[in-house]
Amino acid sequence: MGCEVSGAIRLEMPSSPRYVSLARLVVSTIARGLEFSEESIDDLKVVVSEMCTNAIIHCENRKGEERIQMSCMPRPGALTVEVRDSGQ
């Protein structure tokens with residue numbers, strides 16, 4: 001049984017590979033609530049890993065405490081995920 005998920009879910013985290021698993025967990029939990037198939041959830045986790053890794057790479061050469069932001073926008077039967085970084 002699915003659950004009602006509405007509105008954007010946002011996550012801000014340090015630009016570090018150790019936080020990619022957190023992003024994957026958040027996205028997979030939302031997708032399960034939307035009753036996505038396990039195969040689709042696995043695919044989504046791979047895509048989110050790639051998106052977060054790319055954002056981390058773009059922040060790599062910057063000084064300071066860089067962060068990446070992930071937004072998840074659920075709709076019936078769909079989930080839009082955006083990852084942003086502070087790199088150039």
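Colleague: Buried or exposed, what does Cys 59 count as?

Modeller: First, this is a predicted model, so local features need pLDDT of at least 70 and side-chain atom pairs count only at pLDDT 80 or more, while totals for chains, interfaces and linings use all residues. Residues are numbered from 1 along each chain as its sequence is written, and side-chain values use heavy atoms, leaving out hydrogens and water. The cut-offs on relative accessible area are under 20% for buried, over 50% for exposed and partly exposed in between, with a 1.4 Å probe and protein chains only. At 4% relative accessibility, Cys 59 counts as buried.

Colleague: Which helix is Cys 59 found in?

Modeller: Helices here are DSSP runs of H or I with at least four residues, strands are runs of E with at least two, and both are numbered from the N terminus. By that count, Cys 59 sits in helix α2.

Colleague: How far apart are the end C-alpha atoms of helix α2?

Modeller: The expected span is 1.5 Å times one less than the number of residues. For the 22 residues of α2 (38-59) that should give 32 Å. The model agrees, with the end C-alpha atoms apart by 32 Å.

Colleague: Within what arc do the buried residues of α2 fall?

Modeller: Those buried residues include Ile 41, Leu 44, Val 48, Ser 49, Cys 52 and Cys 59. The arc is taken from the directions from the helix axis to the C-beta atoms. Seen down the axis, the buried residues line one face of α2, because they fall within an arc of 145°.

Colleague: Which residues is Ser 49 in contact with, leaving aside neighbours within four places in sequence?

Modeller: Ser 49 lies in α2 and is buried, at 13% relative accessible area. Contact means heavy atoms within 4.5 Å. With those neighbours left aside, the partners of Ser 49 are Val 20 and Arg 24.

Colleague: At roughly what angle do the axes of α1 and α2 cross?

Modeller: Axes are lines fitted to C-alpha atoms, for helices over the stretch in contact, and angles run from 0 to 180 degrees between N-to-C directions. The axes of α1 and α2 come within 9 Å. They cross at roughly 145°.
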